[in-house]
Amino acid sequence: MKYQIPLHDMPEATGPYSIGTTAARHIYTSGIVAQGDDGELIGGDARAQASRILDLMEKILAGVDLELSDVAKVTVFVTSMRDLEAVDEVMGDRFSLPMPARTVACVSELPLGACVQMDAVACR
């Protein structure tokens with residue numbers, strides 16, 4: 001059975017989707033961009049955006065009593081591969097061993113004009 005994660009103090013979804021759902025032992029986050037509490041994209045470079053994304057991811061996971069250490073897989077979308085080094089630094093600081101599996105894709109455009117977007121799969 002699938003359930004929407006109860007979220008508080010999070011930007012609203014910008015379309016017909018859930019920001020996070022659970023299915024059995026798996027937790028799925030939608031693609032997250034660095035939105036502020038007002039729903040607007042925060043300013044800053046890829047490092048700042050990646051850090052904000054992981055802050056939001058932590059809030060989603062906290063809604064089901066999980067942490068970043070429970071993340072098994074992350075997908076990272078960047079609009080420039082030059083930003084990957086900054087994203088790697090942030091992820092290296094925020095995730096612990098064993099690191100989650102990861103896929104990186106370079107895309108031409110992301111929602112709200114973001115330069116980084118991430119989604120994740122975590123497990124209880």
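Predicted model: local features only at pLDDT ≥ 70, side-chain atom pairs only at ≥ 80, totals over all residues.
1. Strand S4, residues 71-78, has two partners. Strand S6, residues 116-123, runs antiparallel to S4, and 7 bridges join the two. Strand S5, residues 101-106, pairs with S4 in the parallel sense, over 6 bridges.

2. S4, helix H2 (residues 84-94) and S5 make a β-α-β unit, and its hand is right-handed. The parallel pairing of S4 with S5 described above belongs to the two strands of this unit.

3. H2 has a buried side. Leu 84, Ala 86, Val 87, Val 90 and Met 91 are its buried residues. Seen down the helix axis, these residues fall within an arc of 160°, so they line one face of H2. As background, an α-helix has 3.6 residues a turn, so residues three or four places apart point the same way. On the face of H2 turned away from the buried side are Glu 85 and Asp 93, both exposed.

4. The bond in question runs from Leu 97 to Pro 98, with omega near -5°. Both residues have their place in that loop, Leu 97 as well as Pro 98. Leu 97 has 75% relative accessibility and counts as exposed, because the cut-off for that class is over 50%. From Leu 97 to Arg 47 the separation is 50 residues in sequence and 21 Å in space, taken C-alpha to C-alpha.

5. Asp 65 has a backbone angle to look at. Its phi is positive, about 60°, although Asp 65 is not a glycine. The residue sits in the loop between helix H1 (46-62) and S4. With a relative accessibility of 72%, Asp 65 counts as exposed.

6. Leu 112 is another entry under this heading. Here phi is near 60°, again a positive value in a residue other than glycine. Leu 112 lies in the loop between S5 and S6. Is Leu 112 buried, partly exposed or exposed? At 46% relative accessibility it counts as partly exposed, because that class covers values between the 20% and 50% cut-offs.

7. The last item is the largest pocket. Its volume is about 200 Å³. The lining comprises 16 residues, and those closest to the pocket centre are Tyr 17, Gly 31, Ile 32, Val 33 and Gln 35. Sorted by class, the lining has 10 nonpolar, 5 polar and 1 charged residues.

Conventions
Residues numbered from 1 in each chain as written. Heavy atoms only, no water. Pairing = 2+ DSSP bridges. Helix = DSSP H or I, 4+ residues; strand = E, 2+ residues; numbered from the N terminus. Right-handed = clockwise from strand over helix to strand, strands pointing away. 1 Å grid on protein atoms, 1.4 Å probe; cavity = no way out; pocket = protein on both sides within 12 Å on 5 of 7 lines; lining within 4 Å. Points joined across faces, edges and corners; volume = space filled by probe spheres on them. Nonpolar A, V, L, I, M, F, W, Y, C, P; charged D, E, K, R; others polar. Buried < 20%, exposed > 50% of the residue type's maximum accessible area, 1.4 Å probe, protein only. Arc of directions from axis to C-beta.
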